[in-house]
Amino acid sequence: MRHKIITLLLSSTLSLSAPVLAAPSSESPAPEEIAPVLIGADAIDIWTHAQPHVARVTHISLDLDVDFTAQNVGGKAVLDLWTAPGAQQIILDSENLAISSITDDKGRALPFAIGASDPRLGAPVTVTLNGAKRIIIHYRSAAGASALQWLPPAMTAGKSKPYLFSQGQAIHNRSWVPTQDSPGIRQTWDAKLTVPADLVAVMSAEKLSGDKGERLKDGRRRFAFKMDKAVPPYLIAFAVGDLHFQSLGPRSGVWAEAEMLQASAYEFADIEAMIDAASALYGPYRWGRYDMLVLPPAFPYGGMENPMLTFLTPTLITGDRSNTDVVAHELAHSWSGNLVTNATWSDGWLNEGFTTYFENRIMEALYGKERAALYTDLDWDDMSRVIAANGGQTGPKTRLNGTPGDGLVDYTKGSNFLRMLEVKLGRARWDAYLKSYFDRYAFQPQTTAGFLADLRQQVLQNDPALELSLQLDRWAYGAGLPDNAVHVKSSTLAAVDQQLAAFAAGGPASAVNVKGWNTQQWQRFLNGLPRQLPAARLAELDNALHLSTSNNAYARSAWLQLAINNRYDAALPSLRQFTTSVGRGLFIKPLFTGLMAQGDWGKAIAADLFREARPTYHPSVANSVEAIIAGEE
Ligand code: BES
Ligand code: ZN
């Protein structure tokens with residue numbers, strides 16, 4: 001392996017504008033082999049205190065116990081370091097960690113200082129190394145750690161045992177792991193988790209202990225894991241609960257509470273075929289197993305691509321397999337995101353836009369063009385809405401690259417960028433390029449500029465006509481939507497549009513034929529209804545289509561948005577029930593935003609609902625809703 005060791009940067013050791021440095025491409029580099037590689041001057045991570053060109057974490061070894069009574073995790077973290085010649089200290093990220101000691105591997109105390117805490121970034125922990133290449137930290141997480149959600153038994157399916165999970169993306173893992181929490185600083189890791197006797201721990205890594213762990217003398221259970229591929233630290237994740245496993249194939253399976261296991265296994269039965277399709281498209285699946293964990297409804301996301309163990313919301317389980325686009329999405333992150341990673345969160349579209357595109361190719365490979373078009377067409381609707389809401393063709397927040405704007409731009413405009421490339425270059429050429437891209441940048445960070453330079457070098461090769469027709473810079477750096485975007489349309493949704501037109505023309509709600517509708521048809525219908533409707537028409541819809549009692553969370557959320565928009569009081573019990581039992585931000589945040597837009601009527605309801613719902617939300621969703629209610633979002 002060849003490494004570029006950057007020494008010229010070391011003179012300016014502690015300058016704030018340190019470039020992010022990348023680990024070289026390798027599946028499991030030995031710590032001493034890792035030397036930083038400069039990946040581009042634009043890759044400055046402003047969400048970390050780390051100075052990776054001075055000293056960087058290469059491996060983390062955790063030995064933690066989980067205390068459900070005190071609601072904290074803690075124990076020991078052993079960090080292996082790469083240090084530049086002459087480096088005196090390492091800076092770690094932390095959020096309210098209670099650190100009791102830091103020593104070298106001989107047990108000699110190392111001086112450390114915890115700096116002022118930034119409300120978003122947390123506090124830097126500066127450790128004087130005295131030549132150490134390995135440091136040992138004893139610590140505990142604080143109450144309210146932003147990565148962790150502690151669920152009382154009532155918020156689980158089984159209702160009898162507590163549950164705990166972590167959510168690291170984007171910068172939350174510093175609330176339970178003392179490390180350099182930047183996506184450009186890849187680290188291998190291993191962990192031991194000690195949990196109460198009747199619970200099971202799982203992690204985003206290879207499991208070294210049996211399904212029931214190892215029983216300790218004091219009755220608790222200890223589980224061991226290892227991740228020997230260098231990952232960005234936001235991908236370290238765990239969950240503890242009354243968990244059971246069902247195999248779905250040779251390299252896949254699903255974890256869930258017993259009550260959810262059968263339905264989960266049914267919903268995600270196609271996972272092996274998805275892995276095959278994804279590998280056939282863009283290169284081998286490099287992570288060994290692909291398991292899924294179905295969490296309680298408080299889980300704040302649709303899915304989270306934790307390596308080897310995707311975390312999923314139970315709201316996907318509608319019994320008709322119509323939301324497995326989310327599984328395809330999290331699986332696709334095994335390439336875009338987990339293998340080739342946004343160097344900083346300003347390049348988030350390299351994770352989410354690539355993944356949304358790739359997800360759709362997996363859906364097409366398994367279920368055909370029309371099924372894939374369902375999702376693409378709805379994404380187009382979302383994109384049009386988000387661009388319009390953020391200033392249209394000139395709105396700065398509609399840009400892909402730069403300060404993170406509305407996340408939906410990354411997903412929808414990002415995936416449409418790649419779809420345009422597919423259409424303009426032709427599938428064969430585009431697919432070959434993308435496959436080689438994932439291979440050549442495997443286990444490395446990437447920037448927008450890096451991707452464009454690579455595409456130009458590998459594909460455009462100074463072809464001026466091609467350069468002109470693709471408008472690469474306009475897509476990557478410009479506002480709004482370039483005019484070469486490709487709108488894929490779904491005939492299934494066009495049929496829904498006809499029913500919408502009939503209803504809008506005054507037709508009765510009872511004439512709307514919803515028989516066999518999947519999530520996407522419901523979404524098109526409910527989001528396509530006139531935004532202003534009289535109470536009588538809303539009542540008619542609710543009576544005919546049973547929207548207020550729908551068990552499909554996508555449909556329910558879309559209906560409640562419409563109801564809020566019309567100050568439709570009859571839907572309030574349904575709104576209360578929904579916002580206090582589901583924690584998925586995608587569904588919950590628009591409801592609060594909608595309420596806040598409805599003057600005193602909505603503001604009073606929002607405040608009241610939030611008081612009740614807040615303890616059921618993950619800290620990240622709770623904070624977002626709080627900001628919405630405070631008028632900051
Ligand atoms: N990585 C994201 C979840 C995420 C995004 C966590 C930003 C923290 C910050 C995940 O892959 C994702 O995109 N989830 C989506 C589902 C997807 C199909 C649109 C979600 O949660 O809805
Ligand atoms: Zn994603």
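This briefing walks through a strand pair, a sheet with a helix on it, and a pair of helices. The model is predicted, so to speak of local features pLDDT of at least 70 is needed, while side-chain atom pairs count only at pLDDT 80 or more, and totals for chains, interfaces and linings use all residues. Residues are numbered from 1 along each chain as its sequence is written, and side-chain values use heavy atoms, leaving out hydrogens and water.

- Strands here are DSSP E runs of at least two residues, and helices are H or I runs of at least four, numbered from the N terminus.
- Strand 10 runs antiparallel to strand 11 (residues 163–166), joined by four bridges; strands pair if DSSP finds at least two bridges between them.
- Q149 has F165 as its bridge partner in strand 11.

- Five strands form an open sheet in the order 18-19-20-22-21, with mixed pairing.

**Helices 4 and 7**
- The contact between these helices involves F354 and Y357 of helix 4 and W430 and L434 of helix 7, among others.
- Its residues comprise seven nonpolar, no polar and four charged (Ala, Val, Leu, Ile, Met, Phe, Trp, Tyr, Cys and Pro are nonpolar; Asp, Glu, Lys and Arg charged; the others, Gly among them, polar).

How values were computed
Chains lettered and ligands numbered in written order. Contact = heavy atoms within 4.5 Å.
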